[in-house]
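Here's a quick walk through the model, chain by chain. Have the viewer open while you read.

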Amino acid sequence: MTVDTGVPSGRERAERETGLRVRGRGRGLRVRGRGVRGRPLLYTSYAADQAIWNTPAKRGWTLALVGAVLVLPFFLSRDLTSLVTTVFIFAIGGIGLNLVTGYAGQVSLGHAFFMGLGAYTAAVFGGAGSDQVIGWGLDMAIWLPMAGVVPALVGLVVAPLAVRVRGLYLAVLTLGLVFIGEHVFKEARSITGGAGVGRAPAEPVLFGMDLRERYHLFGYILSREAVYYFVCFAIFVVLAIAARNLTRSKPGRAFAAVRDRDVAASMMGISLRRTKTLAFTVSSFYAGVSGALLVMVIGRVTPTNWNLFLSIDLLAVILIGGIATISGSILGAAFVVLMPRIVSELADVVPFISTSPSGGFLSVFQLQTMLFGALIVLFLVLEPRGLYGLWVRVRNYWKAWPFSY
Amino acid sequence: MTVTAAAAAQTCRTIPNRVRERAERTPDRICMRQKRFGIWQGITWREYWEQAGLVAHGLAALGIGAGDRVAIHSENRPEWLYTDVGAVAIRAISVGLYATNPPAEVAHLLRDSGARVLVAEDQEQVDKALAVLEQCPDLERIVYLEPRGVREYGHPALMPFSELLDRGREHARSHPSLLDEAAAGATADDVVTLIYTSGTTGPPKGAMLTARNVDFATQVLALGPGLYDPPPDESDVTLSYLPLCHVVERAATIWVNAGAGTTVHFAESIDTVVSNLHEVQPTLFFGVPRIWEKIHAAIHSRMGGASPGKRLAFRASMALARRIGDELVRHDGTHTARSRALYALGYPLLFRALRDRIGLRKVRAAGSGAAPVAPEVLRFFFGIGVVIREAYGMTENSAVATGNRRGRVKLGTVGEPHDGTELRLAPETGEILTRHPGNFAGYWNRPDKTAEVLEPDGWLHTGDVGEWVDGSHVRIVDRIKDVIITAGGKNVAPSEIENALKASAFIKEAVVIGDRRRYLTALIGIELDSVGDWAQRRRIPYTTYRDLTEKTEVLTLVQGVIKEVNTGFARVENVRKFRMLPKELDHDDGELTATQKVRREQLQDRFGELIEDMYNDTTKFAGGDLTGVHS
């Protein structure tokens, strides 16, 4: 061993004194980076220990699920394909909100504003210009990132305000954001088209390919909905994995520390300002992207659509899905988007529910609203960890089999 | 190469020799893993041999030479192996100390062996050694592995392990041919290790095992089907958790590893064995009865707290398991079409998950030894598909005597004599005698004791009474010294009754008494975990161990177990009365040996009042008889 010139680090000292080399990765013939074949719990590296898909079963099931999602549009009608696409988009927004509210514990009611901001940024960068509105007609490869970056920058500007308050005050502050936003959207006619009019969304041209055209794949004709489906799914997967990685990295741990007790976190050397700012910025990026994709799929929207109810929808996504989980956000998005559809399908079967807004004992729309409210209350009371919590219970039941703990 | 030539010239191969050859043939293969900082860190054969070589040179630098003793006082970890192999590589003698040895025993072992260097694991062991340093005139150096807490001691005898390695590196530069010369000079009659007997009677004695003994044991246990059948190979994975100073673990870890090339995993500590087992999922597992009993008890106790659906599944599977177990027992441990069908039925329901949870899912061969185990426990494991084969051996014959072979398993026996082993029963006493190249060279510095057990013609007196079953298998009756002769003149083997009692999940210790008495009685120690759990479920409040043992409900529970066990024995063998041990037996208090065996004399001394209470027909202490209990 060479002579030490300086003070050895803790690890060096441990290695010197124990005569044992500490290393992050196992070596040898039978060892892979992930661990030892057939022994999923025998972790030979921290990478394997920390992996998202740390067991073969998880890897297998995830692949199966992705496979199922990829073949789904070939079996679904066009409107259902669109609906599932909306699930992906809401999941992106939900993940964004979960980062700031679930992980970092900063209640935000202002998500609708950032979504709207993303949508209009996309429209300005990617939409067609006219006498009334500005539009530069750029490629989706530019307008989609910009739809995230601009709201993120606005989030960065707003964050210092948000850092100073917490809890209820923060909720009110972000609520203000929605009202200011709605007003600005209504008045800025050259950008948004104005109240009651709106403007066409950005042109979905990705790397020169117009997504609205029909494409052929394995002898199938892909509808516009199916193309949107695949594009949104790809973006969703990338953003979801990025979020998952963020949450299990150093900033993610800082988020959780700030959520659990901000005073304790700052005593441990976590900068509250930086952590909260990061949470707001990243979250706004996600919201912006989901807003831009949402108008791409549903078409023209008026400025009044970006209101408090959209924010509450997103809160419902993470409350029902599961606070502070990425998978929960996805489950919640699926639930919130698909539930109204399921209810209206049921209406044809159940006699006392009418499908028209006025007639009958109970209209579909009333029922949807009531169910929505009831479910949020029920989840808050019975299973605060949401759908994901239910899943965890089921999983733990079988994981512990045949014991109970 | 000189070494290989020298090795070929020898009649036997030493463990360092085998390690070196593996290091040359498969240098980058992982030979052991140790969990440190939450990660199983792999160590290759090259590193193993390198480190062992450095220790050898380091010891040589400290003046250790052929025939000197090097003591190791540590839990199982790679450094144990480095030191053992390194010491033998320079023809020194390794001596293992149990990590639980109290200072007084440490003093005895160090003094008796005359160890010049002690490798101590951590502050705890260093403190013990420093406390008795004056009593051990031969001890010159204490090398510590974990510097935490020891760094600032500044005692002149202390030295960190890293310094030993540094000195070894220096020494290797100036004496590059040391290991080759030592290997060339080594003979089969070199004593390579002293293994101290656990000492249930009198102070521990150091059994000298020679290179030939170890080589024979390696041939039989690691390369042959002695310990595991079929024999282990390079794809096998083991967990090292029993004390390495015991001959069984030495065989199962060091000899099997070097002989067959298995991958050894070191449990973090004895407390984490359960979770380590779950992680490692070994393919070979050797347990002492206490381990099997504990796993068995833990399963039942945890199932007791499981949800109703799971309990139902467990009951259904246990009904299957009983049938499978019986079928396997009837067919000498081989599966029949029927047992296979039943097993296939229970596998998805419970067996797979249960075996996974207890860490035995991948076990292809399991063994039990070192003490007798209750047949019910074995039957349970047979039922869930883990066929445990009992083996028999002792320190003095390098753990080589008999073993149950695959497909020829007889429950309640320790199997057939290994190949190359001569075994007979002494005509008048029934004592088991063995003769083979593994018989030890004698007790260290105790020729008188050696003469008592080793006859000039090579037969070893094992001190165990045995009998033949079906002419091929051996059944151990008991230790000769432990056999009880009642006042009525009947011979009773207490260990059989004790094991039947200990098969209950609620009973940890049972000591049957009755030598020269009118009837048999027992001292009972409860299993705190499972009885505590049981009491909690019945809402019986308790404070301490003693308080719990004196609860009427618990006494009734124990009484029930005794009554049930009594039905399986003849009338004279029935336990008529019992008293509860007021404390958990402990090694530190001298009630147990380092291997957790009960020291009967100590116990009869210490708890004499309890025993007299039973035979004087008084009821001063908590206990009972077959009709009632009293606290």
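## Ground rules

Two residues are in contact when their C-beta atoms, placed from the backbone, lie within 7 Å. By that criterion, 67% of the contacts in chain B between residues at least 6 apart in sequence join residues at least 24 apart. In chain A, residues 24 or more positions apart account for 69% of the contacts with a separation of 6 or more.

This is a predicted model: local features need pLDDT of at least 70, side-chain atom pairs count only at pLDDT 80 or more, and totals for chains, interfaces and linings use all residues. Residues are numbered from 1 along each chain as its sequence is written, while chains are lettered from A and ligands numbered from 1 in the order in which they are written.

## Chain B overall

Chain B has 22 helices and 28 strands, where helices (H or I, at least four residues) and strands (E, at least two) are DSSP runs numbered from the N terminus. Its radius of gyration (over C-alpha atoms) is 25 Å, close to the 25 Å from the globule rule for 631 residues, so chain B is as compact as a globular protein of that length. That rule is 2.2 Å times the number of residues to the power 0.38. Along the principal axes, the C-alpha atoms of chain B fill a box of roughly 75 × 55 × 55 Å.

Buried residues make up 55% of the 631 residues in chain B. Buried means 20 or more other C-beta atoms within 10 Å of the residue's own, exposed means 12 or fewer, and partly exposed is in between, with C-beta atoms placed from the backbone.

## Chain B in pieces

An unreviewed UniProt entry carries the annotation "domain: AMP-dependent synthetase/ligase" over residues 20–444 of chain B. UniProt positions follow the numbering used here, feature names are shortened, and annotations may be inferred rather than shown by experiment. That stretch of chain B is 43% helix and 19% strand, with its end C-alpha atoms 29 Å apart.

Helix α8 (residues 178–185) of chain B has B:Leu179, B:Ala182 and B:Ala183 buried. Down the axis of α8(B), the buried residues fall within an arc of 100 degrees, so they line one face of the helix. The arc is that of the directions from the helix axis to the C-beta atoms. Over in strand β8 (residues 191–196) of chain B you'll find B:Thr193. B:Thr193 counts as buried because it has 28 C-beta neighbours inside 10 Å. Leaving aside neighbours within four places in sequence, B:Thr193 is in contact with B:Ile93, B:Ser94 and B:Leu209.

## Chain A

Chain A comes to 16 helices and 8 strands, and 40% of its 405 residues count as buried. Its domains are domain 1 (23–46 + 55–75) and domain 2 (77–319), with 31 Å between their centres over C-alpha atoms. Where they meet, 4 residues of domain 1 of chain A are in contact with 6 residues of domain 2 of chain A.

Now look at A:Ser290, in helix α12 (residues 272–298) of chain A. With 33 C-beta neighbours inside 10 Å, A:Ser290 counts as buried. Beyond neighbours within four places in sequence, A:Ser290 is in contact with A:Ile89, A:Ile92, A:Gly93, A:Gly96 and A:Met115. A:Ser290 and A:Leu144 are 146 residues apart in sequence and 9.5 Å apart in space, C-alpha to C-alpha.

Technical notes: Domains from an automatic or database assignment.
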